[in-house]
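Please open the model in the viewer and keep the selection tool ready.

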Amino acid sequence: MSVLDTKNLSPRLLSFITALLVATANALITLFFHPVWYMPLIVAAFTFITTYWIYYYTLQRFIYRKIKLIYKFIYQTKATRKEEFFYNNILPQKSIQEVSEDVEKWALQRKNEIDILRDNEQFRKEFLMNLAHELRTPIFSIQGYVDTLLGGALDDPAVNSKFLSNASKSIDRLVRLVDDLGQISKLESGKIPIIQESFIIQELVKDVYEEFLLMARERNIQLLFKKGTERPLQVYADKQKIKQVLVNLIENALKYGNEGGSITTGCYEMDDRHIYLEISDDGPGIGEEHLARIFERFYRADRSRSRTIGGTGLGLAIVKHIVEAHNQTVNVRSKPGVGSSFGFTLELWSGDKGTKES
Ligand code: ADP
């Protein structure tokens, strides 16, 4: 960098160079009119000192006051002692180029913040649109049945109890949706703590299998453990929340799986700190184009099928939240016509932790 690189001039350097130029010019003029050796030196010294200070003072007062204002604005806070020190001592040393870089950095930061706000706004709009859509179907259905009943069907024994039971199903669906929404918003706001304890993961899977025995029998679906993965694995996690994960995944496998098929859970020791649990079905599978978005709220691979089955579209989003709250990962593998496998990792119990809340 050359000294005269105008981009990198600091006020001190700028004043110094200007004073030097003016002093040299004055010295040359003096030499011309008073060819005595000490006169140009005196004039040069005097001009240098006065020009330097006048120039420096002016720069400070008019330019750096403005720049200081810019800094005060971009920091948006009332100056702390540290900032006052910065304004008085560090700022005057900064070159115009450095000031410009700081402002550019600030502008970029602001742009990023605006981008995030815009994305959040878009996300919020989409969420509200989806929610309105989800609420509309059961509410309109309830409204339809109630209006028909009030319009005279109440006295028709052939349809009245059927209409009431259909309205009741739609109410159940609304209740499930509200429950899931409540759970997801609590998980997102971090209001539900993760209370870790040690337990045998296969026993928890067995408990959930038992809760779904009736549904599995109705659909003639077998609930199995992957051969060779029966050895009990002790994990360290929030048992109730992991149960919720298993419920959501096994319920999905039962809902979407083919009648007469099977669901298999495999529990694998990945390394000496983690296990991998995978629930596989031999159902219709999910197209590759949906896999990346399947854990998003209200995302459905097969809209019509999912609606008739009555899901809220929030089950997998809840699964992802719970697993990630444990600092673990969830994934899906699927192929249309072959089946789907949903898996997640969990921490292995290492024996020295006790019950921990996080
Ligand atoms: P839903 O309440 O609609 O089941 P989820 O979040 O649990 O919502 O699942 C999202 C979508 O993923 C479902 O609508 C369905 O299309 C697809 N899906 C989930 N699990 C399976 C599965 N085991 N087999 C096929 N499709 C599945």
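**The second largest pocket**

Begin with the second largest pocket, whose volume is about 390 Å³. Select F123, R293, E296, R297 and F298, which are the closest to its centre among the 18 residues that line this pocket. The model is predicted, so local features need pLDDT of at least 70 and side-chain atom pairs pLDDT 80 or more, while totals for chains, interfaces and linings use all residues. Residues are numbered from 1 along each chain as its sequence is written, and side-chain values use heavy atoms, without hydrogens and water.

A pocket is an open set of points on a 1 Å grid over the protein atoms alone, where a 1.4 Å probe fits and protein lies on both sides within 12 Å along at least five of seven lines; lining residues have an atom within 4 Å of a point. A volume is the space filled by probe spheres set on the points.

Next, select α4 (96-150) and α11, the elements that give two or more residues to this lining. The largest contribution, five residues, comes from α4. Helices (H or I, at least four residues) are DSSP runs numbered from the N terminus.

**The largest pocket**

Now move to the largest pocket, which holds about 940 Å³ of space. Its lining has 41 residues, and N252, K255, Y256, G311 and G315 are the closest to its centre. Which element supplies the largest share of this lining? Select α8: nine residues come from this helix. Finally, colour domain 2 (134-189) and domain 3 (195-357), each of which provides at least three lining residues; the bounds come from an automatic or database domain assignment.
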